[in-house]
Amino acid sequence: MAAKLDNAQRTTVLAELKGWSHEPKRDAIVKTFVFADFVQAFGFMTKAALVAERMDHHPEWSNVYKTVNVLLTTHDAGGLTMKDVELARAMDAAAKA
């Protein structure tokens, strides 16, 4: 099982992740991605879903038209882990592709 990040680790990774913020109630990170249209938003979700499936680590997310809201936390660890950070980085890369 992945280990939860401590406060120092959390601070460090949040400084590295552009646009992501800490959600303390869930010990998660969140970000809103906004695309030009629905097709781009859905394409992003498709790319991110393939990565998430390979990682066996799935986001909590929602999509309305061109906006995708994402929350990442590791349920079996009870909070934020490096698995969430790795998926956040992959999602950021997918958003740029």
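## Strand pairing and overall build

Strands β2 and β4 (residues 67-72) pair in the antiparallel sense over 6 bridges. Two strands count as paired if DSSP finds at least two bridges between them. Within this pair, Ile-29 has Leu-72 in β4 as its bridge partner.

This is a predicted model, in which local features need pLDDT of at least 70, side-chain atom pairs count only at pLDDT 80 or more, and totals for chains, interfaces and linings use all residues. Residues are numbered from 1 along each chain as its sequence is written, and side-chain values use heavy atoms, with hydrogens and water left out.

Strand β2 also pairs with β1, again antiparallel. Glu-23 is bridged to Ala-28 in β2. The hairpin of β1 and β2 has 4 residues between the strands, and Asp-27 takes a positive phi near 45° there.

| Pair | Sense | Bridges |
|---|---|---|
| β1 (residues 21-23) and β2 (residues 28-34) | antiparallel | 3 bridges |
| β2 and β4 (residues 67-72) | antiparallel | 6 bridges |

The protein holds 3 helices and 4 strands. Helices (H or I, at least four residues) and strands (E, at least two) are DSSP runs, numbered from the N terminus. Their order from the N terminus is α-β-β-α-β-β-α. The radius of gyration is 13 Å, close to the 13 Å from the globule rule for 97 residues, so the protein is as compact as a globular protein of that length. That radius is taken over C-alpha atoms, and the rule is 2.2 Å times the number of residues to the power 0.38.

Of the 97 residues, 38% count as buried, meaning under 20% relative accessible area with a 1.4 Å probe, protein chains only.

Methods:
Buried means under 20% relative accessible area, exposed over 50%, partly exposed in between (1.4 Å probe, protein chains only).
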